[in-house]
Amino acid sequence: MPAFDYAPAPESRDIANLKPSYRPFIGGEFVTGSGEPLKTLNPATEEVLAEVGTASAADVDTAVQAARKAYERTWSRMPGAERAKYVFRIARLIQERSRELAVLESLDNGKPIRESRDADVPTAAAHFFYHAGWADKLDYAGLGPDPRPLGVAGQIIPWNFPLLMLAWKIAPALATGNTVVLKPAETTPLTALVFAEICQQAELPPGVVNIVPGAGDTGAELVNHPDIDKIAFTGSTEVGKLIQRSVAGTRKKLTLELGGKAANVVFDDAPLDQAVEGIVNGIFYNQGHVCCAGSRLLAQESVVDELLAKLRYRVSTLRLGDPLDKNTDIGAINSAEQLARIRELTESGEAEGADRWTSPCPVPERGFFFAPTVFSGVQQSMRIAREEIFGPVLSVLTFRTPDEAVAKANNTPYGLSAGIWTEKGSRILWMANQLRAGVVWANTFNRFDPAAPFGGYQESGFGREGGRTGLEAYLDA
Amino acid sequence: MPDRVSVAKTYKLYIGGKFPRSESGRVYPVHDAKGRFLANAAHSSRKDVRDAVAAARKAFAGWSGATAYNRGQVLYRVAEMLEGRREQFAGEVAASEDIPARKAQSAVDTAIDRWVWYAGWTDKIATVLGAANPVAGPYFSFTVPEPTGVVAILAPQRSSLLGLVSVLAPVLAAGNTAVVVSSADRPLPAITLSEVLATADLPGGVVNMLTGRAAELGSWLAAHANVNALDPTGAEPVERGELARLAAGTVKRVLTVPEDEPDWTQRPDLGRLRTYLEPKTVWHPMGV
């Protein structure tokens, strides 16, 4: 255990400019939604942060109409070079307000300030910056001459990276000339509504971006609205299937970014200390609330004991607690509901006979927290090896040969991401080729960039976000 | 009196590189447009679908793992074989589609040329649709398009060869394996195409050809957990919604198709190839 204690280094919550209430953003204005208002909590303290107005069916319809009008009268007619300048403005405004956004994100989501400050917010700005440059170069995207936007995009995003997922959705949609109605997650609506202010500051034409907070019923209204041309969804595979079913037989174009159960494969020649850092980053980053988390560690049998010893030591040094403290490694689980799901699945792991080890770190009495947990002796048939836990829980399995590693890694209906740890270059490339996953990280994990396409195989969804490939999702090609 | 009695052919299925009858023992008569009997075609069943999907899955590792150059050569060989059977196909297409011999010949020629076009794509897809990603960090990141897996094709009902080739060749060029339900009323060119595939070094199971009713077999394919993508071209427009709903159960890729069967003589774009490809992004750190 570490010999020194850290002095608390909390970021001030005043920086978030938290307001007592927030409202939907429709047609360029904040409006009073006619849905039942929701209260968003700080998951680290369980206190109410703010009341948020939600969009009813009628409000969703108003938002879609506003988006349609903006699409037809303004946005689709504007030269790409002009559209680009609005998107560049948004990128800059996110950078200017980055500290405020980071603190607000950590308050609303529970993620450590270090992550919201160093990853979520800067990467969100980068997505707008990257896509802005595409707006007047779409002829060069390889989709034929003069590719056309689709129209109005309905976008539904999850609670794990609220602002970043918004950027992944809105930046390519705007750059390609579409207008947007976006529903943020029920438990994390706040940064999306500050983003709406940024749209106003950027003088984005009214209706180009509309934000409609609400729960699943608001999302269903958006998915089923007849005047939507495109649905983009990031979230669970279960809800993704419902959406695909709802959209079936309509002219709506669909992209889905769903769940995962990524294998992180460690060979016996891997640099183990680096691998341990990668494993920890892979599963404990963002409390494990990551669809591409490396939740199944596949360790070569000859190194599993050494690797587990190093891993347990390293995990025991992770600091769990106040998300606003700059020393915190692991923040709060986003909701009581998610915490219950993590508990239920870890209990099934014990019941099915896996060996549970949990970090002895202190856990705050209030708030939704779950200490990092590692299961060893896991079999492929166990629920903790098959189902997405979406929490700080790692399942460790073993293999003997590269072929067995591939077979086990691919033994899942998902296919979002995978990791490889080995010093042998030819093995990396062979493994990368064999793994049925949309993103493969070799000797690293959880790297994201707007220039690098991201998305899944099989039941992890279809379509890509980022890079030239990502533009296809928003163009008629 | 004819000089000799011709040897009539029994048209069977093509599954896993073999030509079995339907396990159901069912057949249905195929007529030309004037109502003359042409042949009995096998009436495929749910179990034939299951066998075909299993064969396609088994063949996937080999076909997707072959080099793009090798796949291109095999597909070009198919075109060579097609060219050799030009007259036979023209006769079958003319009889099936009730079109004049010259028009049938033109459709066959376009089908052969289309096959050559796709054969040449195998080793260019990664160059045109892949990328080196300029990421903001010390990493090498690249994206390569890979085949999605087993593709179920409900082939066009009207265009018995050109339409079939236009929907099948892109699936194969992208490195996928296929289960095809041929045109129900015009299945004979599809079975003859299978004979071409079987003699063109295409590994068994890469293409599996079923004759029968798309309305009956489509739902089994759309719901099958071992099928990764679906081309509903040959389904009635009213059936496509239900097929897409079934496909959602396993998050299948479903090709967007026009309401009516398109004009297959038009040169295709990359839409079909792209639907059956999964871009894979690989990252590795750079350092000394």
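A salt bridge here is a side-chain nitrogen of Lys or Arg within 4 Å of a carboxyl oxygen of Asp or Glu. One such pair joins the two chains: the side chains of A:Arg464 and B:Glu278 meet with N to O at 3.1 Å. Welcome to a predicted model, in which local features need pLDDT of at least 70, side-chain atom pairs count only at pLDDT 80 or more, and totals for chains, interfaces and linings use all residues. Residues are numbered from 1 along each chain as its sequence is written, chains are lettered from A in the order in which they are written, and side-chain values use heavy atoms, with hydrogens and water left out.

**The interface of chains A and B**

- Chain A brings 41 residues and chain B 37 residues to the contact (heavy atoms within 4.5 Å).
- About 2900 Å² is buried between the two chains, 52% of it on carbon and sulfur atoms; buried area is the accessible area (1.4 Å probe) lost on putting two parts together, summed over both.
- A:Gln244, A:Arg436 and A:Tyr457 supply 16% of the area that chain A buries against chain B, more than any other three residues.
- Two salt bridges link chain A and chain B, along with 24 residue pairs in polar contact, both at pLDDT 80 or more.
- Helix 14 (425–434) is among the elements of chain A that give two or more residues to this side, and its five residues are the largest share; helices are DSSP runs (H or I, at least four residues) and strands likewise (E, at least two), numbered from the N terminus.

**A:Arg468, a buried charge**

- A:Arg468 sits in helix 15 (residues 467–471) of chain A.
- A:Arg468 is buried yet has no salt bridge, and the nearest side chain of opposite charge, A:Glu472, is 4.4 Å away; buried means under 20% relative accessible area, exposed over 50% and partly exposed in between (1.4 Å probe, protein chains only), while Lys and Arg count as positive and Asp and Glu as negative, leaving out His and the chain ends.
- A polar atom of its side chain lies 2.9 Å from the backbone oxygen of A:Ala141, and the side chain of A:Arg468 also reaches the backbone oxygen of B:Leu129 at 3.1 Å.

**Two positive phi values**

- A:Asp146 has a phi near 55 degrees and lies in the loop between helix 4 (113–132) and strand 6 (148–149) of chain A.
- B:Asp98 also has a phi near 55 degrees, and B:Asp98 is partly exposed at 42% relative accessibility.

Note on methods:
Polar contact = N/O pair within 3.5 Å; in protein donor to acceptor, adjacent residues only side chain to side chain.
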